Amino acid sequence: MIRYTHLEHRFVEHIPDELLPGLLYISIEYGSVAHACCCGCGEEIVTPLTPTDWQIIYDGETISLYPSVGSWNLPCRSHYIIKHGRAIEALPWTSKQILAEQRRNHMAKSRYYAEEPNPPEPEELNDGSKLAAETSFWAQAIRWLRSLMSD
């Protein structure tokens, strides 16, 4: 549940040690946005601003942050969108959706930085269970084709 729905913003050089709830701290110099989780749990959320991570839109009055913020490694597992200075609660994600997004993110970084993609290992969830590593037919086919091309 989202407790802080209205978000003010501050452009700062350095992110402060203590984050005030309902406030986005934007450091252009360090390419990041930080805020206290909008659910009210008090956890620090840092979103790096890069071509493969998050982007901000500043319309002169408000901030929008894309894509959504998913706190998958925190006990609250909050998920929300920040649009025009408002935190809008989004649907929770399943472990399968989280793993798919982690893989998509890893592949996007690999393509952007021209690195050899290695999908991330399954992560341990807060309840101690692990995300199942599922490999689609197409992922296996692409891996096989790449192995042929590297020989």
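**View 1. Cysteine sulfurs in the predicted model.** Cys76 is partly exposed, with a relative accessible area of 27%; buried means under 20% relative accessible area, exposed over 50% and partly exposed in between (1.4 Å probe, protein chains only). The closest cysteine sulfur to that of Cys76 belongs to Cys39 and is 3.8 Å away, too far for a bond. Cys38 is buried, at 1% relative accessible area, and its sulfur is 6.4 Å from the closest cysteine sulfur, in Cys37, again too far for a bond. A disulfide is taken as a pair of cysteine sulfur atoms within 2.5 Å, and by this rule the count is zero.

**View 2. The whole chain as a predicted model.** This is a predicted model in which local features need pLDDT of at least 70, side-chain atom pairs count only at pLDDT 80 or more, and totals for chains, interfaces and linings use all residues. Residues are numbered from 1 along each chain as its sequence is written, and side-chain values use heavy atoms, with hydrogens and water left out. The chain has two helices and eight strands, in the order β-β-β-β-β-β-β-β-α-α along the sequence. Helices (H or I, at least four residues) and strands (E, at least two) are DSSP runs, numbered from the N terminus. Of the 151 residues, 30% count as buried.

**View 3. Tyr66 and Pro67 in strand 6.** Strand 6 covers residues 63-70 and holds Tyr66; Pro67 is found in strand 6 too. The peptide bond from Tyr66 to Pro67 is cis, with omega near -5 degrees. Tyr66 counts as partly exposed, at 31% relative accessibility. Together with Ile57, Ile81 and Ile88, Tyr66 makes a nonpolar surface patch of about 310 Å². Such a patch joins nonpolar side chains (Val, Leu, Ile, Met, Phe, Trp, Tyr) within 5 Å, from residues with over 30% relative accessible area and no salt bridge (a side-chain nitrogen of Lys or Arg within 4 Å of a carboxyl oxygen of Asp or Glu). Areas come from the Shrake-Rupley method with a 1.4 Å probe.

View 4. Arg77 is not a glycine, yet has a positive phi of about 50 degrees. Arg77 sits in the loop between strand 6 and strand 7 (79-83) and is partly exposed at 26% relative accessibility. His84, also not a glycine, has a positive phi of about 50 degrees. The loop between strand 7 and strand 8 (86-89) contains His84, which is partly exposed at 44% relative accessibility.

Methods:
Patch = residues over 30% accessible without salt bridge, like charges linked within 9 Å, V, L, I, M, F, W, Y side chains within 5 Å.
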